[in-house]
Amino acid sequence: MAFTFTLSLGDQAPDFSLPATDGGVYSLNDFSGAKALVIFFTCNHCPYVIGSNEITRETANRFKEQGVRFVGINANSANTKPEDSFDHMVTHMEEHQFPWVYLRDDSQETALAYGALRTPHFYIFDENRKLVYTGRVVDSPRDASRVTVNDLENALAELTAGQEITVPLTNPIGCNIKWDGKDAHWMPAEACDLV
C-alpha cells in the first residue's frame with residue numbers, strides 16, 4: 001500500500017543530520033548497531049505526547065536489552081509553539097530523563113521526508129532499516145488509564161521474536177505537526193489516514 005505523504009511499509013528510513021539536546025548531532029548511521037530503530041515525532045507540549053510519554057518510556061526500557069533504540073524528533077515550529085523551542089527541549093529532557101535521543105528538526109525537512117502526521121507518530125524500522133510499523137503508540141495516548149492496546153509494544157514484541165507484525169499500520173493519534181508559517185491546525189493536502 002502506498003501513501004502520497006507518509007512513508008509506506010517496506011520503505012527505507014530517510015537519513016537525517018539533526019542536533020540533539022545532549023549537545024551532539026546525530027544521523028541515521030549513529031544508530032547502525034541497533035537491531036531495530038524506533039523513530040517518533042514528538043514535542044514538549046502536546047497532551048497526547050504528555051499522556052503517553054511514560055508508556056513510551058516503559059516500552060523503550062523493555063526492549064533496550066533486545067537492541068532496540070528510540071529516537072524522538074521534534075519538528076514543531078517554535079514560531080507557532082514557543083514551548084517547542086530547542087532550549088525548552090533541553091529543559092524538558094533534563095526534567096524527565098527520557099531513555100531516547102531527542103532531536104530538533106528546525107527546517108522540518110526530516111518531518112516531510114518521513115511524512116510525519118501527528119505528535120506522537122511512530123515508525124519502526126527493522127535491522128535493514130525497512131519500515132515495518134507506522135502509526136500510534138496506544139489507542140488512548142491522551143489518557144493512559146483508558147489504554148486497551150499498546151500497538152507499539154505489540155509490533156516490537158513480534159519483530160524481536162522474528163515474527164510477522166500482525167498490525168503494521170494504525171492511524172497516529174495526536175496533535176498535528178505545527179508547520180512553520182501555517183495555521184496551527186494546517187496539514188499538507190497530501191496527508192491522509194493510514195488505515
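Cys 46 is buried, at a relative accessible area of 0%, where buried means under 20% relative accessible area, exposed over 50% and partly exposed in between (1.4 Å probe, protein chains only). Cys 175 also counts as buried, at 15% relative accessibility. Across the whole structure, the search turns up 0 disulfides, a disulfide being a pair of cysteine sulfur atoms within 2.5 Å. The model is a predicted one, so to speak of local features takes pLDDT of at least 70 and side-chain atom pairs count only at pLDDT 80 or more, while totals for chains, interfaces and linings use all residues. Residues are numbered from 1 along each chain as its sequence is written, and side-chain values use heavy atoms, with hydrogens and water left out.

On to the nonpolar cores, each a set of buried Ala, Val, Leu, Ile, Met, Phe, Trp, Tyr and Cys residues joined through side-chain atoms within 4.5 Å. The largest has 28 residues, and the members touching the most others are Phe 16, Ile 39, Phe 41, Leu 103, Tyr 114, Tyr 123 and Phe 125. Two or more residues each come from strand S3 (36-41), strand S4 (68-74), strand S5 (101-104), helix H3 (109-114) and strand S7 (121-125); helices (H or I, at least four residues) and strands (E, at least two) are DSSP runs numbered from the N terminus. S3 is the top contributor, with 3 residues. Phe 41 touches Ile 73, Ala 75, Thr 110, Ala 111, Tyr 114, Ala 116, Arg 118, Thr 119, Pro 120, His 121, Tyr 123 and Ile 177, leaving out residues up to four places away in sequence; contact here means heavy atoms within 4.5 Å. A second, separate core holds 23 residues, among them Ala 36, Met 93, Val 132 and Leu 156. In soluble globular proteins, nonpolar side chains tend to be buried together.

Leu 159 sits in helix H4 (residues 151-160). Beyond four places in sequence, Leu 159 touches Ala 36, Ile 124, Asp 126, Val 132 and Ile 165. Thr 80 is 79 residues from Leu 159 in sequence and 37 Å away in space, C-alpha to C-alpha.

On a 1 Å grid over the protein atoms alone, a cavity is a set of points where a 1.4 Å probe fits but cannot get out, and lining residues have an atom within 4 Å of a point. The largest cavity takes up about 40 Å³, a volume being the space filled by probe spheres set on grid points joined across faces, edges and corners. Its lining is made up of Thr 42, Cys 43, Asn 53, His 92, Met 93, Phe 98, Trp 100 and Tyr 102. By class, that is 5 nonpolar, 3 polar and no charged residues. One of the lining residues, His 92, belongs to helix H2 (residues 86-96) and is buried at 11% relative accessible area. Setting aside neighbours within four places in sequence, His 92 contacts Cys 43, Asn 44, Asn 53, Phe 98 and Tyr 102.

Most residues other than glycine have a negative phi, and most peptide bonds are trans. The bond from Thr 119 to Pro 120, though, is cis, with omega near 0 degrees, and Pro 120 lies in the loop between strand S6 (118-119) and S7. Gln 108, in the loop between S5 and H3, has a positive phi near 70 degrees and is buried at 6% relative accessible area. Arg 129, in the loop between S7 and strand S8 (131-135), has a positive phi of about 60 degrees and is buried too, at 7%.

Definitions and conventions. 1 Å grid on protein atoms, 1.4 Å probe; cavity = no way out; pocket = protein on both sides within 12 Å on 5 of 7 lines; lining within 4 Å. Nonpolar A, V, L, I, M, F, W, Y, C, P; charged D, E, K, R; others polar.
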